[in-house]
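Here is a short report on one protein structure. Take a look at it before reading on.

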Amino acid sequence: MAATSATTLSVGSTTSLGCKGSSISQSKAFGVKFNSKNNIRSFSGLKAATTVNCESESSFLGKESLAALKQSITPKAQKGNRGYVNCVQPQASYKVAILGASGGIGQPLALLVKMSPLVSELNLYDIANVKGVAADLSHCNTPSQVSDFTGASELANCLKGVNVVVIPAGVPRKPGMTRDDLFNINANIVKTLVEAVADNCPDAFIHIISNPVNSTVPIAAEVLKRKGVYDPKKLFGVTTLDVVRANTFVAQKKNLRLIDVDVPVVGGHAGITILPLLSKTKPSTTFTDEEVQELTVRIQNAGTEVVEAKAGAGSATLSMAYAAARFVESSLRALDGDSDVYECAFVQSDVSELPFFASRIKIGKNGVEALISSDLQGLSEYEQKALDALKPELKSSIEKGTGFVQKEPVAA
């Protein structure tokens, strides 16, 4: 985040509020209201913004989204003599819970969510060490009130009245460990946590980060079904990191401005099930066969790249937190009435013959509003072969998750 002449507030979606020279940029527009310039002081203690400049070198999705942001701001803006927006007053009104908040993903994710102007309450849960995380974050002068909850006895209270539940809980990958190696440990963790969600906030958006996502999302779905509260529109496997990586790697390879790049990534969230559709890259970009192979393999193996680079000290925690915060912000904007929110996610789907599939989706107040199946039309020969090849592995992972719950008792 570049420094400006005034202190800025930067959200997970690289949104910043500040004076002329700083920027607001994100995948789509926030739900915001425009008022007197003193309001920005009252919400976060930051220096009052006198202008909003929408030209930014970094964004979650690109220039189309930036155009949407500008369009949404213009009708609501009070303009001064120089034609600038005088101020922004974000409305903090949503309650978010992070389950696994003291872990490697949970801590940076909690920080990024704390920075969102849409969050009024941030509940942090873990089995240990979460009190200090909450105390630390509570000193940040952003609107949300931070509360900590430790252990199973406090889980229900953590979830009461929550709008968005994010689950990064679980053990991380270690060198030589596949996502399937994580299954038995993380499957039980996700099952237990989703049971609590079903009992305490069944209408919440549920974001599953715990790996292997290809199996943990079906686990969550089965638990919710058995609890009688399953709404497929509100259950999301967070695959945003695959899109973030694809955008980054393509921009680097083709020397493009990152703000302009958008690569849809479909399939699943592990190995060959991750399929970046490079032929659908925006802006339209030409790749050699070698570039397609190199980029696809790198995107698929990017998690392993980080695991090996950390040499046993962890996995992709920071980039995952960044991607998860982007998805949280998108969900909050959708809940807040933004009608132009699109992300890739692993959801119940009919775009293929598989019951769950990652693709671009439109998110609204009630969850998934539309599955964007057009991305799967007109694929290159390489992509079509890769799509056909990933389906058996993805099918197996889905069935593994479903079968796990069907063999296990669900808590009453």
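Leaving aside neighbours within four places in sequence, which residues is glutamate 291 in contact with? They are Lys253, Lys254 and Thr286. Contact means heavy atoms within 4.5 Å.

The model is predicted: local features need pLDDT of at least 70, side-chain atom pairs count only at pLDDT 80 or more, and totals for chains, interfaces and linings use all residues. Residues are numbered from 1 along each chain as its sequence is written, and side-chain values use heavy atoms, with hydrogens and water left out.

Glutamate 291 sits in helix α9 (residues 289–300). Helices (H or I, at least four residues) and strands (E, at least two) are DSSP runs, numbered from the N terminus. Glutamate 291 has 17% relative accessibility, so it counts as buried. Buried means under 20% relative accessible area, exposed over 50%, partly exposed in between (1.4 Å probe, protein chains only). The side chain of glutamate 291 reaches the backbone nitrogen of threonine 288 at 2.9 Å.

Now to strand β5 (residues 94–99). Six of its six residues are buried, so β5 is largely enclosed by the rest of the structure. Tyr94, Val96 and Ile98 lie on one side, Lys95, Ala97 and Leu99 on the other.

Two strands pair if DSSP finds at least two bridges between them.

| Partner of β5 | Bridges | Direction |
|---|---|---|
| β6 (residues 119–126) | Six bridges | parallel |
| β8 (residues 164–167) | Three bridges | parallel |

Alanine 97 has asparagine 123 as its bridge partner in β6. For isoleucine 98, the bridge partner in β8 is valine 166.

Methods:
A polar contact is a pair of N or O atoms within 3.5 Å; within protein, one must be able to donate a hydrogen and the other to accept it, and residues adjacent in sequence count only if both atoms are side-chain atoms.
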